[in-house]
Amino acid sequence: MAGELERLQRAFAEIEAKQALHELNARYCNGIDRRDQALLASVWWPESEIDFGLFKGTGAAFAELICAPNPAVETMFHFTSNELFEIDGDRATGRSYVIGMTVVDGPDGKSDQMVGGRYLDKYRRKNGVWKFTNRLFVLDWNANQPGSAIWTEGIGALARRGRSDLDDVSYSFFRS
């Protein structure tokens, strides 16, 4: 019986760690998509590194860069899926697929830029908290096309529109 209890405790600890890493990935995406520098900076240990292709450096510097005002970027969103984590005590590795979309307002009008790739990650748990120590973005595909959003009719005109900043409705919605 004691052996079964220990097995269950180990299994629960692994499930708990994997859930924490899943939520860390979600906070990363939310921090980028809302340009929430405080949230995005909170997912990295100070010694962390990220190689994003267009940027290579610390997590804190990445958070500062990616959240800086950029009038050319109208909106962006991305999500991760197919997460696979391997836990080894207070260290872990992970891989996940990512699809992202950015609407950019350029000299020739708006364009929809879509990318698909993978995140290869290393994590560390300190004082019970998981954060990234290393992230590599691998680009597998991309597609670019002229902007095609319709905001004047249908759901585009009727639904509440998201924003890529701290004025997004998700911040006020959860406060009330």
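1. Let's start with a charged pair: D121 and R135 form a salt bridge, with their closest N and O atoms 2.6 Å apart. (A salt bridge is a side-chain nitrogen of Lys or Arg within 4 Å of a carboxyl oxygen of Asp or Glu.) D121 sits in strand β5 (residues 109–126) and R135 in strand β6 (residues 129–146), so the bridge ties together parts that are 14 residues apart in sequence. Both D121 and R135 are buried, where buried means under 20% relative accessible area, exposed over 50% and partly exposed in between (1.4 Å probe, protein chains only).

2. A word on the model: it is predicted, so local features need pLDDT of at least 70 and side-chain atom pairs pLDDT 80 or more, while totals for chains, interfaces and linings use all residues. Residues are numbered from 1 along each chain as its sequence is written, and side-chain values use heavy atoms, leaving out hydrogens and water.

3. The whole structure holds eleven salt bridges. One of them joins D168 and R34, with the closest N and O atoms 3.7 Å apart. D168 counts as buried because its relative accessibility is 7%, and R34 counts as buried at 13%.

4. How many disulfides are there? The count is zero, taking a disulfide as a pair of cysteine sulfur atoms within 2.5 Å. The sulfur of C67 is 13 Å from the closest cysteine sulfur, in C29, which is too far for a bond.

Notes:
Helix = DSSP H or I, 4+ residues; strand = E, 2+ residues; numbered from the N terminus.
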